[in-house]
Amino acid sequence: MTAATFSPRVSPIAGLRHSMTLAWRTLVQIKHNPAELIDFSIQPIMFLVLFTYVFGGAISGNTGDYLTFALPGIIVQNALFATLNTGMGLSTDLQKGVFDRLRSLPIARFAPLAGRIVSDIVKQSWALALLLGLGVVLGFRIGTDVPSAISGYLLVLVCSLGFSWLAVLVGMLAANPEKVQIFGFVVMFPLTFTSNAFVPTATMPGWLQAWAKVNPVTILADAVRGLWVTGGGSGPALQSLLWAAALTAVFAPLAVRAFKRRT
Amino acid sequence: MTATIQAEGIVKTYGQLRALDGLDLSVPEGTVLGLLGPNGAGKTTAVRILTTLLRPDSGSLTVKGIDVLKHPDDVRRIIGLSGQYAAVDEYLTGYENLEMIGRLYHMSKRQARERANELLERFTLTDAASRPVKTYSGGMRRRLDLAGALVAAPPVIFMDEPTTGLDPRSRLGMWDVITERVREGTTLLLTTQYLEEADQLADNIIVIDHGRAIAEGTPDELKRKVGGERLELTLRGEAEVATAAAIMRGVGTGEPTVDSETHQVHVPVTRGAPALIAAIRELDAAGIEPVDIAVHRPTLDDVFMRLTGHSTEDKTTEEQK
């Protein structure tokens, strides 16, 4: 597309306002579509409770120790899965023609995309707080200080934003929302499970251990464990930020290009 | 004087397919242009280009004198688009959909609320205002979609197949709503697959096929060109054909065509209903009792047969987006 279609006639402040209106739209949808609430509330709760009480004893000897180990991993896994919603939402809007309507309005070109991303960060924060809160009820304890706890929280949000660019790209390239979901099963499932998010990697075959060690999910889970439980964690936190930056650097331009092409 | 919507030589290709192949069109202020054509003719592509959603490969186009390619944002401020697929948010209520659009136009909360309620009222959606759109019928969605295009009261409106897929009653409802807009002085470009719809709503019609205009004119001119209504009479037997043909010649505007095999007589007429009554009276007086007699209104298929020699169903290319 040439520059003319994206001429900067709309001021950045107006663009921000458009993005917020569209973010509001996505959040209001929840009110009328309770299924979505289940997606990002009940599903993480199920994961947390099932993993803790079904696998916890077998993996860590007792559920308390397992919860301490696994809660950061489950939070990371949930955050990555939730990024798929960004891709699915965009894909749905494309398919239903909502984007055509929005783009025929005098609004900033980036607003539909930005609005979706902003609202999904709000949803992510909610799911994160919910999981952490439930974890505390089940016996999880923050072993570090408040600044570290907050850093861990923000780190997960920043990294999920990095991953969400991949989801945006998939959402733009997929013919329909179902295809985005298939991508989730084929890529996100193996990605989160071949890490130390749920189990220590010691019993995995050597080749898988080698991968699990460098898997960004492992690194992020370790960073959150460090920041919330064991102290330290600045090393993996830094690596996670680098991952998020790399993902953004690679996928954001591709996603924005695909977005411009499709819309 | 430049027309409100003006386009010259628009070309848009998708690989081998020339979706638009040098389309020209011009819509004077306060008039309605009907873009008539079958699926895949390029109607949607033309609307998407005129509404800034798609860039043509070449061609020049202006809306109210503003260059669409150079100043798309300025064009977006003065147009409303109502698309083929009722682009409303399923999970918002009708009210919320309109409020959102008002907010995107920088209306204050109060203004957006008032405008939304006003439009809901005008499109008889007030009762359904607080229900999510996914519970709406097809006709209600289209009405809401059109209401969405009118939030900022744009002087120029584009409607892509506003009644495709609607039942006859909802279609009539949409026609009323559209006619009302036109009375208020809105300049309108609408696409349709139905000759009847273009006839009803448009001041001028462009028939397009394979991305180019193949005929153009007022509905009357077009009907004259393709043959307007005709009277179709089926008789019991060969014996009555000659008398019936003479009667039909009397009520028609041209020479009747006779099919002696099926005992059918066709004749072009200017106005179907009076011709039908006259024909029935005379046939009755002559003691002829027809098997069937009816007024046939030309369809898009007839237009195509006449203009291109092929029917609309010959097409294999689907409308591309």
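In which sense do strand β1 and strand β2 of chain B pair, and over how many bridges? The model shown is predicted, and in it strand β1 (residues 5-14) and strand β2 (residues 17-27) of chain B pair in the antiparallel sense over eight bridges.

**View 1. The hairpin of β1 and β2 in chain B.** Two residues lie between β1(B) and β2(B), which form a hairpin. In the turn, B:Gly15 has a positive phi of about 60°. Across the pair, B:Val11 stands opposite B:Asp21 in β2(B).

**View 2. An open sheet of four strands in chain B.** The strands follow the order β2-β1-β4-β5, and the pairing is antiparallel. β2 and β5 (66-67) of chain B stand at the edges, each with a single partner strand, so one side of each is left without a neighbour in the sheet. Strand β4 (residues 58-63) of chain B pairs with β1(B) in the antiparallel sense over five bridges. Here B:Gln6 is found opposite B:Thr62 in β4(B).

**View 3. Strand β9 of chain B and its partners β3 and β10.** Strand β9 covers residues 204-209 of chain B; five of its six residues are buried, so β9 is largely enclosed by the rest of the structure. Strand β3 (residues 32-36) of chain B runs parallel to β9(B) and is joined to it by four bridges. One of the bridge pairs is B:Gly34 with B:Ile205 in β9(B). Strand β10 (residues 212-217) of chain B runs antiparallel to β9(B), with five bridges joining them. Among the pairs, B:Ile206 has B:Glu216 in β10(B) as its bridge partner. β9(B) and β10(B) also form a hairpin with two residues between them, and B:His210 in the turn has a positive phi of about 50°.

**View 4. The largest nonpolar core.** This core has 116 residues, and those with the most contacts inside it are A:Leu102 and A:Trp228. Helix α3 (residues 63-96) of chain A gives the largest share of the core, 14 residues. A second, separate core has 29 residues, including B:Ala7, B:Leu35, B:Val75 and B:Ile78. Leaving out residues up to four places away in sequence, A:Leu102 touches A:Leu22, A:Ile107, A:Arg109 and A:Pro112, as well as B:Met100 and B:Leu104.

**View 5. A nonpolar patch on the surface of chain A.** The patch is formed by A:Ile38, A:Ile42, A:Met46, A:Leu50, A:Val54, A:Phe55 and A:Ile59, which together have about 610 Å² of accessible area. A:Ile38 lies in helix α2 (residues 34-60) of chain A. With a relative accessible area of 45%, A:Ile38 is partly exposed. In soluble globular proteins, nonpolar side chains tend to be buried together.

Key: Residues numbered from 1 in each chain as written. Chains lettered and ligands numbered in written order. Predicted model: local features only at pLDDT ≥ 70, side-chain atom pairs only at ≥ 80, totals over all residues. Heavy atoms only, no water. Patch = residues over 30% accessible without salt bridge, like charges linked within 9 Å, V, L, I, M, F, W, Y side chains within 5 Å. Areas by Shrake-Rupley, 256 points an atom, 1.4 Å probe, with all protein chains shown as cover. Salt bridge = Lys/Arg side-chain N within 4 Å of Asp/Glu carboxyl O. Buried < 20%, exposed > 50% of the residue type's maximum accessible area, 1.4 Å probe, protein only. Pairing = 2+ DSSP bridges. Core = buried A, V, L, I, M, F, W, Y, C linked by side-chain atoms within 4.5 Å. Contact = heavy atoms within 4.5 Å.
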